[in-house]
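Let's take a walk through the salt bridges of this model. Have the structure open as you read.

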Amino acid sequence: VRRKKMSGKGYYQLVQNSREGGKHRQKVLCHLGVHPFIEGAIEDAKAKIAQYQGKAASKRGEAERIKSQLEDLYGDDVTPDDDHREAREELEWRRWQNPYHESAHYYANRHGAHGYEEWNLRREVWDIDTRHLELRVAYYDALRDAAFNKIRASQNQAKLDKLLECQRKYCS
């Protein structure tokens with residue numbers, strides 16, 4: 001095991017020493033991270049796998065709750081392959097170009113006696129449409145986060161497999 005210092009922090013590697021052409025060579029067998037022993041690196045990898053799997057499951061559950069809410073409120077059949085960029089762009093436009101920032105009193109003065117009712121109705125429609133977009137964007141974000149955490153879990157599983165192989169071959 002050798003220690004390498006990178007950016008002021010110590011990292012460990014399991015290496016194999018050899019001589020080639022009269023020169024000393026070290027071949028890196030596996031990276032141990034901040035752990036000086038392979039057992040610590042194995043336990044750390046197992047903990048990270050569990051952490052990412054838990055986050056992925058949590059985000060999948062969140063996506064399902066949001067999907068159910070969308071179906072209940074709006075009758076939407078939301079599927080992961082819907083174009084989320086369109087929903088995100090429309091939501092951003094709504095946040096910046098909200099035509100109902102002005103007060104109801106000002107709107108009523110401009111639109112006559114029924115201005116308050118009309119303003120309230122338009123504001124309610126605006127709020128409903130905006131909430132619908134917010135839920136769609138949250139749904140897509142939860143799906144994306146679930147996929148990201150699943151990938152991270154599989155990456156750590158590959159690292160764990162490599163560490164276990166190194167332990168079996170070189171540390172017995």
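Start with Arg95, which pairs up with Glu134 in a salt bridge whose closest N and O atoms are 3.8 Å apart. (A salt bridge here is a side-chain nitrogen of Lys or Arg within 4 Å of a carboxyl oxygen of Asp or Glu.) This one ties together distant parts of the chain: Arg95 sits in helix H2 (residues 84-96) and Glu134 in helix H4 (residues 115-170), 39 residues apart. Helices are DSSP runs of H or I, at least four residues, numbered from the N terminus.

Keep in mind that this is a predicted model, where local features need pLDDT of at least 70 and side-chain atom pairs count only at pLDDT 80 or more, while totals for chains, interfaces and linings use all residues. Residues are numbered from 1 along each chain as its sequence is written, and side-chain values use heavy atoms, with hydrogens and water left out.

Back to Arg95: its side chain also meets that of Glu92 in a salt bridge, at 3.4 Å from N to O. Both residues belong to helix H2, three residues apart, or about one turn. Arg95 is partly exposed at 45% relative accessibility, Glu92 at 35% and Glu134 at 28%. (Partly exposed falls between buried, under 20% relative accessible area, and exposed, over 50%, using a 1.4 Å probe and protein chains only.)

Now move along to Asp141, which bridges to Arg144 with the closest N and O atoms 3.3 Å apart. These two are three residues apart in helix H4, so about one helical turn separates them. Salt bridges with shared partners join Lys59, Glu62, Arg88, Asp141, Arg144 and Asp145 into one network. The count of salt bridges comes to 14.
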